[in-house]
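Hi,

Here is the structure I promised to send over.

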Amino acid sequence: MPKEQANWSPYDNNGGSCFAVAGADYCVIAADTRMSTGYNILTRDTQKSVNYKCVMASSGFQADVKALQKHLAARHLIYQHQHNKQMSCPAMAQLLSNTLYYKRFFPYYSFNVLGGLDNEGKGCVFTYDAVGSYEKVGYSSQGSGSTLIMPFLDNQLKSPSPLLLPARDAVTPLAEAEAIDLVKTVFASASERDIYTGDKLEIVVINADGIRREYMDLRKD
Amino acid sequence: MFRNQYDTDVTTWSPAGRLFQVEYAMEAVKQGSAAIGLRSKTHVVLGCVNKANSELSSHQKKIFEVDDHIGVAIAGLTADGRVLSRYMRNECINYSFTYESPLPVGRLVVQLADKAQVCTQRSWKRPYGVGLLVAGLDESGAHLYYNCPSGNYFEYQAFAIGSRSQAAKTYLERRFENFTDSSRDDLVKDAIMAIRETLQGETLKSSICTIAVVGAGEPFHVLDQGTVQQIIDTFETAAEQEDPATEPDAATGQEAAAEQGTAADHGGSTDEGAAPMDI
């Protein structure tokens, strides 16, 4: 007798793309604000990023993303009470990985990028899969548009290739303003071909002056 | 005092209907260094005296942030206070996680009081030896509560606990009627002056006191030493130019409790006859 299959799935994909790039003294994290299901749009104005001292942007199943964000928020508050300071980017990166792996056998359907400044003020980006495998990189994108975005970034960011030996520092030599321009171009292009990416782009920039947020309109179709 | 026969166990009543272990725990609160709290309609200020064991050591942390909208000042066994603060922080985080809104102060103090009561009714536990002044803001306004080791709690307009707190209470009793409409800065000034009363002659410096504020639009935070010293300087210079202050109005005698702003119960008196937690 063939094995009985479930007739429903606990997961859904709400689409969207997110991405982060690290520079010498800044980090840019961006995500679109469209939330969809199937061929329908649920909202044009959702927020996929959340920030502490570093910023996490996620795409995938937004319910799991929200639950993951709430868990991290609670853990971050506990950390602040115990250590009297905010979590550093590398610390948050490890916590996120552990939180994801905790649900290894019923994962958060959440594809994350984490961006911030490391202890020396240099930009750092961490990229994750759904169960917490992570790596420090110079740039990364996740979500429905990532297949369109990544090759473009490999070409345009002029970061040293990750395949070089000895391993080079992966931060891009671009300046902050150039990197932000690149982000806008990248998302505008991704919105052209990826139906799940569009509406508005939220850009978060972290540098020595702090964290600031900007918005840019994208195609609404 | 012949209390010794019935004071071995917290679960042993005395013939007069008292639990001596609980009363001894409240005694520990009175031995701790002073902590005061006062509130207006929109802000609550906590203050405490920093006691260090010796010149070489740092002073005990007596004011804890519990959440953005709640803070606590303790007097007594500071280790017990630390543990209870951790419990309160946890409760706030769990409530926020479930309800996406801040834990109302009144709920937190009830949970704290119930936790304290458990320790008065288990033979293998002892009461917490710490009094907590819980200051917080929620939808129903600004609140200041006092939680006893006995498991009782009371709401106050202003209160002081710990050693030499009577001096601060007298000061607060004179002025509490003005607190409701006080500005935030006046409230802080009153807090510092109340602390000065407990020092009884010792010079008031920002290094021996800690002040914390919570208010509408202002998350709970401890004021930094520089700010506090500035405020001290403003009224120390003013006081030098004035005549000495007149004596306070006729004392309220043995009344140890400060006044209430709302229709809450009275604080216990320190008369020898009545049990302190008997209301």
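For what comes next, a salt bridge means a side-chain nitrogen of Lys or Arg within 4 Å of a carboxyl oxygen of Asp or Glu. Bear in mind that this is a predicted model.

By that rule, the interface of chain A and chain B has one salt bridge. The partners are the side chains of Lys70(A) and Glu100(B), with 3.0 Å from N to O. Because the cut-off is 4 Å, the pair at 3.0 Å qualifies. On the side of chain A that touches chain B, the classes come out as three nonpolar, three polar and one charged residues. I also get two residue pairs in polar contact between chain A and chain B, both at pLDDT 80 or more.

As for the interface as a whole, seven residues of chain A and eight residues of chain B take part in the contact. About 730 Å² is buried between the two chains, and carbon and sulfur atoms give 62% of that. Lys70(A) turns up again here: together with Leu77(A) and His81(A) it supplies 69% of the area that chain A buries against chain B, more than any other three residues.

Now chain A by itself. It has four helices and 12 strands, and its C-alpha trace spans about 60 × 45 × 35 Å along the principal axes. The radius of gyration is 17 Å, which agrees with the value near 17 Å for a compact globule of 221 residues. Buried residues make up 48% of the 221 in chain A. Of the contacts in chain A with a separation of 6 or more, 63% join residues 24 or more positions apart.

Cheers

Technical notes
Residues numbered from 1 in each chain as written. Chains lettered and ligands numbered in written order. Predicted model: local features only at pLDDT ≥ 70, side-chain atom pairs only at ≥ 80, totals over all residues. Heavy atoms only, no water. Contact = heavy atoms within 4.5 Å. Buried area = accessible area lost by both parts, 1.4 Å probe. Polar contact = N/O pair within 3.5 Å; in protein donor to acceptor, adjacent residues only side chain to side chain. Nonpolar A, V, L, I, M, F, W, Y, C, P; charged D, E, K, R; others polar. Helix = DSSP H or I, 4+ residues; strand = E, 2+ residues; numbered from the N terminus. Rg over C-alpha atoms; globule rule 2.2 N^0.38 Å. Buried < 20%, exposed > 50% of the residue type's maximum accessible area, 1.4 Å probe, protein only.
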